[in-house]
Amino acid sequence: MTSSDCLFCKIVAGEIPHDTVYETDTVLAFRDITPRANVHVLVIPKTHQDTLAQMAGEDAASVAELFTAAGEVARLEGIDESGYRVVSNVGADAGQEVFHVHVHVLGAQQLGPVGPRRS
Ligand code: 5GP
Ligand code: ZN
């Protein structure tokens with residue numbers, strides 16, 4: 001399934017230029033256009049799902065593939081031993097901008113605490 005107005009579906013379709021880091025039959029990893037760390041790669045399923053929560057409910061094996069790919073990206077980027085962070089924003093409070101499942105792989109620097117302080 002694809003969504004014709006989805007940015008990441010267009011990236012999967014090759015309609016928007018992107019810098020591929022890793023690819024399988026089911027997963028694509030490419031550099032974030034606005035990197036927030038020295039390494040900032042997005043890992044997405046090639047088929048459209050809105051959120052990680054939706055995908056987990058419908059297709060748990062694909063979630064596992066996403067995290068396996070995130071680990072492979074870390075290895076390819078040379079941050080598997082120095083450490084890295086895997087983050088997925090789900091919904092408004094997390095600031096999710098693109099509603100096609102993705103995990104961010106961040107690293108190659110000290111990343112600090114995992115989130116904001118409690119309000
Ligand atoms: P979210 O905030 O939804 O978790 O993350 C979406 C990410 O997609 C953001 O970090 C943003 O910089 C990235 N992004 C938005 N548009 C593009 C684009 O056209 N190309 C690439 N490579 N990344 C994008
Ligand atoms: Zn999509």
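The largest share of the shell around ligand 1, three residues, comes from α1. This is a predicted model, in which local features need pLDDT of at least 70 and side-chain atom pairs count only at pLDDT 80 or more, while totals for chains, interfaces and linings use all residues. Residues are numbered from 1 along each chain as its sequence is written, and side-chain values use heavy atoms, with hydrogens and water left out.

**Exercise 1.** Work out why strand β5 is largely enclosed by the rest of the structure.

*Solution.* Start with the strand itself (strands are DSSP runs of E with at least two residues, numbered from the N terminus). Five of the five residues of β5, residues 103–107, are buried, so the rest of the structure largely encloses β5. Buried means under 20% relative accessible area with a 1.4 Å probe, protein chains only.

**Exercise 2.** Find which strands are joined to β5.

*Solution.* Strands pair if DSSP finds at least two bridges between them. Five bridges join β3 (residues 39–45) to β5, antiparallel, and here L42 stands opposite H104. Four bridges join β4 (residues 84–87) to β5, also antiparallel, with V86 opposite V105.

**Exercise 3.** Trace the polar contacts of ligand 1 with H102 and H104.

*Solution.* A polar contact is a pair of N or O atoms within 3.5 Å. A polar side-chain atom of H102 lies 2.8 Å from an oxygen atom of ligand 1. For H104, a side-chain N or O atom is 2.8 Å from a ligand 1 oxygen.

Technical notes
Chains lettered and ligands numbered in written order. Buried < 20%, exposed > 50% of the residue type's maximum accessible area, 1.4 Å probe, protein only. Polar contact = N/O pair within 3.5 Å; in protein donor to acceptor, adjacent residues only side chain to side chain.
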